[in-house]
Amino acid sequence: MAKALRTTGRVGPTPSLSLKPGARLVREWGGRTHTVTVTEDGFAYAGTSYLSLTKIAKKITGAHWSGPRFFGLLHSPDRKSAEGRDG
């Protein structure tokens, strides 16, 4: 808990994502571009409806990933930020 407070400034679960229907998430993986569309009920990918991004990330990669992290919606608190660097 102390680490979470130091890193994020808060303790508790991560606030849920606020994605509007019609939004598109795009990710390059395995030499292909994968596009997910946010729907009223969840997500659409490759002609199939899903309730979670994590299931889509697993379908794409074959391994367990955090769906929001896979699509770049969450940043790992352990990852150093490159913001403000010129190279």
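Trp65 is partly exposed, with a relative accessibility of 28%. In this predicted model, Trp65 belongs to one aromatic cluster together with Trp29, Phe70 and Phe71.

**Aromatic cluster**

- The structure holds four aromatic pairs.
- In one of them, the ring centres of Trp29 and Trp65 are 5.7 Å apart and the planes stand at 85°, so this pair is edge-to-face.
- Trp29 is in strand S1 and Trp65 is in the loop between H2 and H3, so the pair links distant parts of the chain, 36 residues apart.
- Trp29, like Trp65, counts as partly exposed: the relative accessibility is 30% for Trp29 and 28% for Trp65.
- Trp29 also forms an edge-to-face pair with Phe70, at 5.5 Å centre to centre and with 65° between the planes.
- Because Trp29 lies in strand S1 and Phe70 in helix H3, this pair ties together parts that are 41 residues apart in sequence.
- Phe70 has a relative accessible area of 1% and is buried, whereas Trp29 is partly exposed.

**Arg27 over the rings**

- Arg27 lies over the face of Trp65, at 5.7 Å from the ring centre.
- The charged end of Arg27 also sits over the ring of Phe70, 4.2 Å from the centre of that ring.
- Both of these rings are members of the aromatic cluster that includes Trp29 and Phe71.

**His34 in strand S2**

- His34 is placed in strand S2 and is buried, with a relative accessible area of 4%.
- The side chain of His34 has a polar contact of 2.7 Å with the side chain of Tyr45.
- A polar atom of the His34 side chain also lies 3.2 Å from the backbone oxygen of Trp29.
- Beyond its neighbours within four places in sequence, His34 is in contact with Leu25, Val26, Arg27, Trp29, Tyr45 and Ile60.
- Among these contacts, Trp29 is a member of the aromatic cluster, Arg27 is the residue whose charged end sits over Phe70, and Ile60 is one of the buried residues of helix H2.

**Helix H2**

- Helix H2 spans residues 53-61, and its buried residues are Leu53, Ile56, Ala57, Ile60 and Thr61.
- Seen down the helix axis, the buried residues of H2 fall within an arc of 120°, so they line one face of the helix.
- An α-helix has 3.6 residues a turn, so residues three or four places apart point the same way.
- Lys55 and Lys59 are exposed on the other side of H2.
- The cover over the buried residues of H2 includes strands S1 (24-29), S2 (32-38), S3 (43-45) and S4 (48-50), as well as helix H3 (67-70).
- Gly62 follows H2 and has a positive phi, near 80°.

**Ala46 between S3 and S4**

- Ala46 is placed in the loop between S3 and S4.
- The phi of Ala46 is near 50°, which is a positive value in a residue other than glycine.
- Ala46 is exposed, with a relative accessible area of 63%.

Notes. Residues are numbered from 1 along each chain as its sequence is written. This is a predicted model: local features need pLDDT of at least 70, side-chain atom pairs count only at pLDDT 80 or more; totals for chains, interfaces and linings use all residues. Side-chain values use heavy atoms; hydrogens and water are left out. Buried means under 20% relative accessible area, exposed over 50%, partly exposed in between (1.4 Å probe, protein chains only). Helices (H or I, at least four residues) and strands (E, at least two) are DSSP runs, numbered from the N terminus. The arc is that of the directions from the helix axis to the C-beta atoms. Contact means heavy atoms within 4.5 Å. A polar contact is a pair of N or O atoms within 3.5 Å; within protein, one must be able to donate a hydrogen and the other to accept it, and residues adjacent in sequence count only if both atoms are side-chain atoms. Rings of Phe, Tyr and Trp (its six-membered ring) pair if their centres lie within 6.5 Å; planes under 30 degrees apart count as stacked, over 60 as edge-to-face and the rest as tilted. A charge sits over a ring if NZ of Lys or CZ of Arg is within 6 Å of the ring centre and within 35 degrees of the ring normal.
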